[in-house]
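The tour goes from one selection to the next and says what is found at each stop.

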Amino acid sequence: MIRHMEISRRELHRQIKEGTLRLAGNSRLKIYGTLRCASGKRMKKENRMFFINEPEALAEGYRPCGHCMKTAYQHWKHGII
């Protein structure tokens with residue numbers, strides 16, 4: 001897990017391009033989603049976290065986004081995850 005405010009722009013872009021960082025989350029709402037999610041793009045930098053994969057986000061107590069990860073959200077909502 002990496003905070004947006006703790007990584008340089010160049011390093012962030014490098015890790016996204018390489019596929020190291022695949023998900024982003026909102027630390028205040030405890031929600032994670034894809035990097036292309038319209039909801040996620042609107043969040044403040046100080047609230048944004050980056051994750052390598054879903055298990056990492058779930059282990060930190062985050063839930064899937066209902067917009068960009070509908071299936072994962074439904075599984076989470078119904079206690080399947």
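What follows is a walk through the sheet, then its pockets, and then one histidine.

Before selecting anything, bear in mind that this is a predicted model, in which local features need pLDDT of at least 70, side-chain atom pairs count only at pLDDT 80 or more, and totals for chains, interfaces and linings use all residues. Residues are numbered from 1 along each chain as its sequence is written, and side-chain values use heavy atoms, with hydrogens and water left out.

**The sheet**

Begin by selecting the strands, where you will find an open sheet of five, in the order β1-β4-β2-β3-β5 and with mixed pairing. β1 (2-3) and β5 (63-64) stand at the edges with a single partner strand each, so one side of each is left without a neighbour in the sheet. Helices (H or I, at least four residues) and strands (E, at least two) are DSSP runs numbered from the N terminus, and two strands pair if DSSP finds at least two bridges between them.

Next, select β2 (residues 23-26) together with β4 (residues 48-51), which pair in the antiparallel sense over four bridges; here N26 stands opposite R48 in β4. In the hairpin of β2 and β3, which has four residues between the strands, K30 takes a positive phi near 60°. Showing the side chains of β2, you will see L23 and G25 pointing one way and A24 and N26 the other way, all of them buried (under 20% relative accessible area, with exposed over 50% and partly exposed in between, for a 1.4 Å probe and protein chains only).

**The largest pocket**

Now select H4, L12, I16, R48 and F50, which are the closest to the centre of the largest pocket among the 18 residues that line it; the pocket holds about 350 Å³ of space. A pocket is an open set of points on a 1 Å grid over the protein atoms alone, where a 1.4 Å probe fits, with protein on both sides within 12 Å along at least five of seven lines, and lining residues have an atom within 4 Å of a point. α1 (9-18), α2 (38-41) and β4 give two or more residues to this lining, and α1 gives the most, with four.

**H4**

At 12% relative accessibility, H4 counts as buried. The side chain of H4 makes a polar contact with the side chain of R48 at 3.0 Å (a pair of N or O atoms within 3.5 Å; within protein, one must be able to donate a hydrogen and the other to accept it, and residues adjacent in sequence count only if both atoms are side-chain atoms). Leaving aside neighbours within four places in sequence, H4 is in contact (heavy atoms within 4.5 Å) with L12, K45, R48 and F50.

**The second largest pocket**

Finally, move to the second largest pocket, with a volume of about 210 Å³, and select I31, S39, G40, M43 and C65, the closest to its centre of the 16 residues that line it. β3 gives the most to this lining, with four residues.

How values were computed:
Points joined across faces, edges and corners; volume = space filled by probe spheres on them.
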